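Hi everyone, thanks for coming.

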Amino acid sequence: MSGLKLRGVRKSFGAVEVIKGVDLDIGDKEFVVFVGPSGCGKSTLLRMIAGLETITAGELEIGGERMNDVDPSRRGIAMVFQSYALYPHMTVRDNMGFALRFAGAPKPEIERRVAEAARILELEPLLGRYPKELSGGQRQRVAIGRAIVRQPDVFLFDEPLSNLDAELRVHMRIEIARLHQELKTTIIYVTHDQVEAMTLADRIVVLRDGTIEQVGTPLELYDDPDNLFVAGFIGSPRMNFLKGTVENGAIRLTDYPANLVPSPVKLSDGTPVTVGIRPEHFRREGPAALDVTVELIEHLGGETYAYARGSAGELLTIATDNDRQLASGDSYRAHFDPAQLLVFSEAGRRLR
């Protein structure tokens with residue numbers, strides 16, 4: 001069993017507390033992604049699990065054993081960093097087997113594990129090459145292979161795709177997902193890219209300012225966010241937010257005062273709220289509508305997004321059902337179903 005438990009985990013650097021009491025259970029063979037903006041503490045939390053940062057307070061268990069003071073080499077983990085950190089004077093084969101040689105493993109065992117990792121990662125034709133002869137994606141696969149040969153209980157990935165171009169990132173996401181299916185090992189993966197998180201994760205842990213905002217499957221977070229931050233962070237393009245006030249059981253939108261939109265939740269009159277609506281929830285027809293002026297059209301081939309606003313409103317992102325006739329300056333009526341609106345309190349808490 002290679003599940004993890006974190007109980008009241010904190011990390012301080014002097015007087016500055018960067019991890020502020022994290023409680024989390026990660027199941028055996030689960031793929032969990034830590035996601036959040038830069039500086040939220042996700043990489044620090046990963047390094048604490050790895051043993052590269054000390055735990056100021058709280059408990060960490062891996063496989064049912066307390067790991068707070070256990071040396072990183074004895075935690076049964078392997079870590080893949082953003083930087084490939086390959087030895088330039090060694091071949092792919094030697095890079096992948098270096099840790100095993102350093103540990104004194106028998107040569108036949110090293111050869112067997114390297115060959116198996118090379119098969120899984122489709123590196124067999126490259127085993128005799130040096131890092132300078134490889135592409136960025138191939139180097140990252142070698143770095144992953146170096147972790148695989150150690151046969152860890154838990155893989156830790158710290159933004160491993162950040163140095164790759166867009167096309168390679170998509171390819172490597174597929175490779176990492178396939179790797180998890182084949183190895184059936186617990187993986188904890190850190191990224192600031194919510195598309196990566198949505199693609200790879202069994203569950204996503206959304207972090208902000210050293211605390212967990214919400215934990216759930218990708219679709220749970222997308223469909224049912226607990227607060228304004230999660231709603232805005234998960235989803236691409238991001239959710240639109242409009243301020244309003246409850247009036248006669250409906251919501252009067254501040255930037256569209258002519259619109260009194262039925263509220264999906266019961267609230268007292270005069271309550272200030274923020275309404276969230278995803279770009280794809282706008283339609284050509286629906287029981288409610290916003291009249292806007294198009295400022296920019298983004299044609300993506302299979303999708304078309306309009307960036308538009310009312311006379312004095314916030315800029316809205318609207319999925320237009322691939323309407324290729326729209327142009328900047330056009331008037332547009334964006335219809336939607338009020339039942340799909342998400343409503344948030346003035347403090348940002350989801351109102352259900």
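Let's begin with what lines the largest pocket: 15 nonpolar, three polar and two charged residues. Here Ala, Val, Leu, Ile, Met, Phe, Trp, Tyr, Cys and Pro count as nonpolar, Asp, Glu, Lys and Arg as charged, and the others, Gly among them, as polar.

Quick housekeeping: this is a predicted model, where local features need pLDDT of at least 70 and side-chain atom pairs pLDDT 80 or more, while totals for chains, interfaces and linings use all residues. Numbering runs from 1 along each chain as its sequence is written, and side-chain values use heavy atoms, with hydrogens and water left out.

Back to that pocket. Its volume is about 520 Å³, meaning the space filled by probe spheres set on grid points joined across faces, edges and corners. A pocket, on a 1 Å grid over the protein atoms alone, is an open set of points where a 1.4 Å probe fits, with protein on both sides within 12 Å along at least five of seven lines; lining residues have an atom within 4 Å of a point. Met79, Phe81, Ala99, Arg146 and Arg150 are the closest to the centre, out of 20 lining residues. Which element gives the largest share of the lining? That's β6, with four residues. Strands are DSSP runs of E, at least two residues, and helices runs of H or I, at least four, numbered from the N terminus.

The second largest pocket holds about 230 Å³. Its lining has six nonpolar, three polar and four charged residues, and strand β11 (residues 240-247) gives the most, four.

Now, aromatics. Rings of Phe, Tyr and Trp (its six-membered ring) pair if their centres lie within 6.5 Å; planes under 30 degrees apart are stacked, over 60 edge-to-face, the rest tilted. That rule gives eight aromatic pairs. One of them is Phe31 with Tyr189, tilted, at 6.0 Å centre to centre and 40 degrees between the planes. Phe31 is in strand β3 and Tyr189 in strand β8, 158 residues apart.

Last stop: the charged end of Arg278 sits over the ring of Tyr222, 3.9 Å from its centre. The rule asks for NZ of Lys or CZ of Arg within 6 Å of the ring centre and within 35 degrees of the ring normal.
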